[in-house]
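Let's take a walk through the open spaces of a protein model.

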Amino acid sequence: MPSVWMTDNQKIGVIFCSGGGLFLFGGVLMFFDRSLLAMGNILFLIGLTLIIGFEKTLAFFSRRQKLKGTAGFALGIILILFRWPLTGFLIELYGLFILFGDFLVTIGQFAGNIPVVGPFIQRVLETLAGGRRNAELPV
């Protein structure tokens, strides 16, 4: 079944984001390997840019309410590149939580449909979101 709603660039972006996630996961499994974490970050950023477009990506990261998250994410990447992978990864996670925290409720609502564990996952994600129920989605 062809997916009409995604362009070829967006499909390639999904592949890049998935590869970035795999590299990040591998970097964490390999005790915060600096090169895997850096490659995961690069692939994630390229994929995000291909999925939503350059202008929307720039607008997303430069929003006034997202500047703290952008600074944390960028500082985390810089620390990873300067051989502080654990500290950089933790700061980067904080930045990602600030940047993409508005999605937690949406993900929780989707996960709530999973049998048995869905309601628990939904409750945890809504608690982590901290009352962002009607927040404007980041993209």
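About 170 Å³ of space lies in the second largest pocket. A pocket here is an open set of points on a 1 Å grid over the protein atoms alone, where a 1.4 Å probe fits, with protein on both sides within 12 Å along at least five of seven lines; lining residues have an atom within 4 Å of a point. Grid points are joined across faces, edges and corners, and the volume is the space filled by probe spheres set on the points.

This is a predicted model, in which local features need pLDDT of at least 70 and side-chain atom pairs count only at pLDDT 80 or more, while totals for chains, interfaces and linings use all residues. Residues are numbered from 1 along each chain as its sequence is written, and side-chain values use heavy atoms, with hydrogens and water left out.

Which residues line the second largest pocket? Among them are Cys 17, Gly 20, Phe 44, Glu 92 and Leu 96. Helices H1 (8–29) and H5 each give two or more residues to this lining, and H1 has the largest share, with six residues. Helices are DSSP runs of H or I with at least four residues, numbered from the N terminus. By class, the lining has eight nonpolar residues, two polar and one charged; Ala, Val, Leu, Ile, Met, Phe, Trp, Tyr, Cys and Pro count as nonpolar, Asp, Glu, Lys and Arg as charged, and the others, Gly among them, as polar.

Now for the largest pocket, with a volume of about 220 Å³. Its lining includes Leu 96, Phe 97, Gly 101 and Phe 110. Two or more residues come from each of H5 (85–100) and H6 (103–111), and H6 gives the largest share, five residues. Seven lining residues of the largest pocket are nonpolar, two are polar and none is charged.
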